[in-house]
Amino acid sequence: MRQKRAKAYRKLMALYSMSFGFRQPYQVLVDSEMCKEATEHKIELVKQLNSVLQGDMKPMITQCCIHELYLLGKTQQPAVDLAKTFERRKCNHREPIPGDDCLTSVVGETNKHRYVVATQSQPLRVKLRTIPAVPIVHVNRSVMVLEPPSDATIRSKEYVRRFPFTDRVGLSLEQNEEQALHATGSEKQSLAPSASTEPPRKKKKGPKGPNPLSVKKKKVESHPPLAKDKKKVAVVGEKRKRDDTDDKETETRDQQTADSQQQDEPRRKKKRRRKAAEPVVDS
Ligand SMILES: [Zn+2]
């Protein structure tokens, strides 16, 4: 692959990863036509997909798509063999449906499982472009191509950038727009600076202060700080002394609990004894 194209693909996959949560190994739904194309033109499908997606990936085929290949008979046996090496994606269509329809339903309205789709079907590709964040791969004259991001993807990415703390990734474009219209209070606030005449504030990157990982952990206190704890903070010099009294306090507390247990003990014993003393009636 040419350097320039490789760079473009790397950038594109970074977009899918950063904005839409795609992770390696990428799950690639391969359709039956793609399997045919690969075997007919001797394209090393898996290797090509790896290089186009610039990373590790897992080819998958739905039950309906492999069924389509079975229907083609013996002549397409190599394509069937190829498809059999892929992971089978359950689509739960009891009666096999056309591959395009099957893939449409598996991707759904939001591609929430983050599939990449490798398909030779033009109508399917057109349809998939309307869904945000669906990487589409096809083969053009024996060259595998990763499509540039669709308009739906770019628009959805804009929403993700503007509202980074809301989970809009799984929503369709219409739902995204709907939600954007009804921005919540905090979102309106976050939008306010750019809307007003104020100069845009610099974006804060992370919390100020030292790296939390390099700082010794604070002692976690389960109970609300008592008055004596406040005193402790104020008089650091007396720490040792205070610790001593603390120890004494805990000691006396332990003593008390021990005492109460001791008080309970004889009673329990009595009960037990009484039980034991009960005559066992043999039948
Ligand atoms: Zn199916």
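This is a chat about a predicted protein model and some of its local details.

Reader: Before we start, what kind of model is this, and how are residues numbered?
Author: The model is predicted, so to speak of local features we need pLDDT of at least 70, and side-chain atom pairs count only at pLDDT 80 or more, while totals for chains, interfaces and linings use all residues. Residues are numbered from 1 along each chain as its sequence is written.

Reader: Which residues touch the most other members of the largest nonpolar core?
Author: Val 117 and Ala 118, out of 43 residues in that core. A nonpolar core here is a set of buried Ala, Val, Leu, Ile, Met, Phe, Trp, Tyr and Cys residues joined through C-beta atoms within 7 Å.

Reader: What does Val 117 touch, leaving out residues up to four places away in sequence?
Author: Leu 29, Leu 103, Val 107, Leu 128, Val 134 and Ile 136. Two residues are in contact if their C-beta atoms, placed from the backbone, lie within 7 Å.

Reader: New topic: where is Pro 25?
Author: Pro 25 sits in the loop between helix H1 (3–20) and strand E1 (26–30).

Reader: What about Gln 54, what's its phi?
Author: Near 55 degrees, which is positive in a residue other than glycine. You'll find Gln 54 in the loop between helix H3 (45–53) and strand E2 (57–62).

Reader: Is Gln 54 buried or exposed?
Author: Gln 54 is buried, because 20 other C-beta atoms lie within 10 Å.

Reader: And Ser 142, buried or exposed?
Author: Ser 142 counts as exposed, because it has 12 other C-beta atoms within 10 Å. Ser 142 also has a positive phi, about 65 degrees, although it is not a glycine. Its place is the loop between strand E5 (136–140) and strand E6 (143–146).

Note on methods
Helices (H or I, at least four residues) and strands (E, at least two) are DSSP runs, numbered from the N terminus.
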